[in-house]
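Trainee: Let's go through this fold feature by feature. Give me the general idea each time, then the case in hand.

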Amino acid sequence: MIDLHTHTTASDGRCTPPELVARASAAGVTVLAVTDHDTVAGCEAAELACAAAGVEFVAGIEITAIRGGADVHVLGYFFDRRSPVLQSFLAEQRQRRIDRVRQIVDRLATLGVRLDADAILAPGLDDPGKAAGRPWVARALVAGGHVKNTNMAFEIWLARGRPAFVPRLAASPAEVFERLHAAGGIASLAHPGLNGRDDWLSEFAASGLDALEVYHTEHAPDAVARYRDAAQRFDLAISGGSDFHGDASHGAARPGTVSLPRVDYDNLRATSRATASGSDTSS
C-alpha cells in the first residue's frame, strides 16, 4: 500500500512520527509520506523510523494557500526539505498560524469562553518547527468542558461563519507551487472533492500545479473517476492517501485505508524528476 497523505504531532496529528510509522507498517503500508501542515519538522524522525521498518519514505508537506478567501491545501513531494528559501517561507506560514490562534482565543474571550493562548500554543512556542492550528484550539475547548468533542468545537465556534472564526492570511496557490518547484519538488492539489471548486482546476494547472489528489478518504468512487478524468484532461499526475491524523473525529481510522496505485506513484515520481530537470536547465 502507498499512502502519501498523513499527519503527525508536528502539526494537527495525534501520533508522533515513530508512532505513525509503526501504525503504517503494521497496516501494510510500503511507501509513506508525512505531509504535516506548513512544516517538515516530523520528516527526519519519520524517515529514520521508516528505514528501520523497511518502509519507503517520501518527503512531503501540506501547505495552506488562500484563493478567494477559501483555504486551498497543496501537497508537496520529493522536495529538498532543507532548502533555505522553502524553510523561510514555511516559518512565515507558521508564524501566521500562531497569530491566528491568538486572534481566535481573543475572539472566544469576547464571547465568554476563556482559554489560555500560551498553553494552547506551547508545543509550537517550544518547538518553532511545529505548526499550530484550529484543531489545537478545538482540543482546548474539549479539555475545558466547553464542548463534547472537536467536531462540535468547529460546528459551534471555529468553522467558517461561526462566531470565533478568523480568516487566514496565507500565500496564493501559484506562490506555493513556485516555492515547491524552487525546492525541487512537485505540487498536488489536496482532496479537491472537499474544495467544491472544480472550476479552479484549469487555473491551477496553468499556474504550475503538477498533480491532483484523486484518491482520498472523503472521495467516493464517482469522485475518484471524476478526478482521474480531470487529471488526464489537464495533464496532471495523480496522488493519493488516507489523510490519517490518528484522531477518531478527523480523517481515516488508520494509515493505508486509501492507497495510491503503484502505476500512479511511479508516474508521480517521474513527474518529480522531469520537474527537477526543467528547473535545472532554466537556472
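Mentor: Start with axes: they are lines fitted to C-alpha atoms, for helices over the stretch in contact, and angles run from 0 to 180 degrees between N-to-C directions. Helices (H or I, at least four residues) and strands (E, at least two) are DSSP runs, numbered from the N terminus. Before we use that, some housekeeping: this is a predicted model, where local features need pLDDT of at least 70 and side-chain atom pairs count only at pLDDT 80 or more, while totals for chains, interfaces and linings use all residues. Residues are numbered from 1 along each chain as its sequence is written, and side-chain values use heavy atoms, with hydrogens and water left out.

Trainee: Which residues of helix 1 and helix 2 make the contact?

Mentor: Contact means heavy atoms within 4.5 Å. Helix 1 brings Pro17, Pro18, Val21 and Ser25, and helix 2 brings Ala45, Ala46, Ala49, Cys50 and Ala53. To sort them, Ala, Val, Leu, Ile, Met, Phe, Trp, Tyr, Cys and Pro count as nonpolar, Asp, Glu, Lys and Arg as charged, and the others, Gly among them, as polar.

Trainee: Now helix 3 and helix 4: at roughly what angle do their axes cross?

Mentor: Roughly 170°, and the axes of helix 3 (residues 84–110) and helix 4 (residues 117–126) come within 10 Å. Angles under 35 degrees count as roughly parallel, over 145 as roughly antiparallel, 65 to 115 as roughly perpendicular and the rest as oblique. Helix 3 and helix 4 are therefore roughly antiparallel to each other. Their crossing is right-handed. Ile98, Val101, Arg102 and Val105 of helix 3 meet Ala117, Asp118, Ile120, Leu121 and Leu125 of helix 4. These contact residues split into 7 nonpolar, no polar and 2 charged.

Trainee: On to the sheet. How many strands does it have, and in what order?

Mentor: General idea: strands of a sheet pair through backbone hydrogen bonds, either parallel or antiparallel. Two strands pair if DSSP finds at least two bridges between them. Here there are 7 strands in an open sheet, ordered 1-2-3-4-5-6-7, with mixed pairing. Strand 1 (2–3) and strand 7 (237–241) stand at the edges with a single partner strand each, so one side of each has no neighbour in the sheet.

Trainee: In which sense do strand 6 and strand 7 pair?

Mentor: Parallel, over 5 bridges, with strand 6 spanning residues 211–216. Glu213, for instance, has Ser239 in strand 7 as its bridge partner. Helix 10 (residues 221–233) lies across strand 6 and strand 7, at about 165° to strand 6.

Trainee: And in which sense do strand 4 and strand 5 pair?

Mentor: Antiparallel, over 4 bridges, and Leu75 stands opposite Ser188 in strand 5. Strand 5 and strand 6, by contrast, pair in the parallel sense over 2 bridges, with Leu189 opposite Leu212 in strand 6.

Trainee: Which residues sit on the two faces of strand 5?

Mentor: In a regular strand the side chains alternate between the two faces of the sheet. On strand 5, Ile186 and Ser188 are on one side, with Ala187 and Leu189 on the other, and all are buried. Buried means under 20% relative accessible area, exposed over 50%, partly exposed in between (1.4 Å probe, protein chains only).

Trainee: Backbone angles next. What is phi of Phe78?

Mentor: Near 65°, a positive value in a residue other than glycine. Phe78 sits in the loop between strand 4 (70–77) and helix 3, and is buried at 16% relative accessible area. His191 also has a positive phi, near 25°. That residue lies in the loop between strand 5 (186–189) and helix 8 (192–195), and counts as buried at 7%.

Trainee: Last one: is Pro123 buried or partly exposed?

Mentor: Partly exposed, at 34% relative accessible area. Pro123 belongs to helix 4. Leaving aside neighbours within four places in sequence, Pro123 is in contact with Lys130 and Trp136.

Conventions. A crossing is left-handed if the near helix is turned anticlockwise from the far one by less than a right angle, and right-handed if clockwise.
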